[in-house]
Amino acid sequence: QLQKDGVVLPMPDAYRHVPRPGTAPAAAWAAAQAASQVYVGASGVSSVVGTPAAGEDALDEASLERLMEELSVAARSHGPSDMQTADARARCESELGRWQAAAAQAAENCNFQEFERLSTVAHRTAARLQQQDTTSA
């Protein structure tokens with residue numbers, strides 16, 4: 001039904017596969033989660049250091065880069081006004097918003113080193129989105 005309605009679904013590599021607890025991959029996944037420093041959920045940053053709250057994802061610069069690449073490919077393949085391009089752009093803007101919220105939370109927590117890191121990525125991504133607009137126009 002979704003395909004008949006023209007709903008664009010994320011690329012297959014955008015899905016996260018979470019291993020079952022008690023398996024060897026689950027232990028590696030838990031260690032990777034614990035090593036991350038910033039966790040963001042729907043309500044903003046849940047913690048600057050520690051483990052994410054249930055259902056929340058860590059910020060990942062590689063994921064943001066992948067979304068930007070998907071936007072570029074969609075714009076080149078389908079044009080700037082195509083629904084797939086608009087969907088890719090919305091995903092980029094949503095992820096960018098998470099980075100901006102995390103930067104604001106880091107500043108509130110007086111974690112200025114993390115604020116600088118998050119802000120640098122957010123500003124670079126925002127500039128790329130603006131460049132995408134001017135290139136597509």
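Colleague: What does the secondary structure come to, and in what order do the elements run from the N terminus?

Modeller: The protein, which is a predicted model, has four helices and three strands, and from the N terminus on these elements run α-β-β-β-α-α-α.

Colleague: How much of the protein is buried?

Modeller: Buried residues make up 30% of the 137 residues, while the accessible surface comes to about 8,600 Å², with 56% of that area belonging to carbon and sulfur atoms.

Colleague: And what share of the contacts with a separation of 6 or more comes from residues 24 or more positions apart?

Modeller: Such residues account for 49% of those contacts.

Colleague: Switching to helix 3, how far apart are its end C-alpha atoms, and what span should it have?

Modeller: Helix 3 covers residues 83–108, and because its 26 residues should span 38 Å at 1.5 Å a residue, the 37 Å between its end C-alpha atoms agrees with that expectation.

Colleague: What happens at the start of helix 3, and what comes just after it?

Modeller: At the start, a side-chain oxygen of D82 reaches to within 2.8 Å of the backbone nitrogen of Q84, and just after helix 3 the residue C110 takes a positive phi of about 60°.

Colleague: Which residues of helix 3 are buried?

Modeller: The buried residues of helix 3 include T85, A88, C92, E95, L96 and W99. As a general point, an α-helix has 3.6 residues a turn, so residues three or four places apart point the same way.

Colleague: Which members of the largest nonpolar core touch the most other members?

Modeller: Of its 17 residues, L59, L71, C92, W99, L118 and L129 touch the most other members. Helix 2, helix 3 and helix 4 are the elements that give two or more residues to this core, and helix 3 gives the most, with seven residues.

Colleague: What is L129 in contact with, beyond its neighbours within four places in sequence?

Modeller: With those neighbours left aside, L129 is in contact with M68, L71, R89, C92, E93 and L96.

Colleague: About the cysteines, are C92 and C110 buried or exposed, and how many disulfides are there?

Modeller: C92 is buried, because its relative accessible area of 0% is under the 20% cut-off, whereas C110, at 54% relative accessibility, counts as exposed. A search of the whole structure finds zero disulfides.

Colleague: Last one, where does G79 lie, and what does it contact?

Modeller: G79 lies in the loop between helix 2 and helix 3, where this glycine is buried with a relative accessible area of 16%. Leaving aside its neighbours within four places in sequence, G79 is in contact with A74 and T85.

Key
Residues are numbered from 1 along each chain as its sequence is written. This is a predicted model: local features need pLDDT of at least 70, side-chain atom pairs count only at pLDDT 80 or more; totals for chains, interfaces and linings use all residues. Side-chain values use heavy atoms; hydrogens and water are left out. The expected span of a helix is 1.5 Å times one less than its number of residues. Buried means under 20% relative accessible area, exposed over 50%, partly exposed in between (1.4 Å probe, protein chains only). A polar contact is a pair of N or O atoms within 3.5 Å; within protein, one must be able to donate a hydrogen and the other to accept it, and residues adjacent in sequence count only if both atoms are side-chain atoms. A nonpolar core is a set of buried Ala, Val, Leu, Ile, Met, Phe, Trp, Tyr and Cys residues joined through side-chain atoms within 4.5 Å. Contact means heavy atoms within 4.5 Å. A disulfide is a pair of cysteine sulfur atoms within 2.5 Å. Accessible areas come from the Shrake-Rupley method with a 1.4 Å probe; for residues, only the protein chains shown count as cover.
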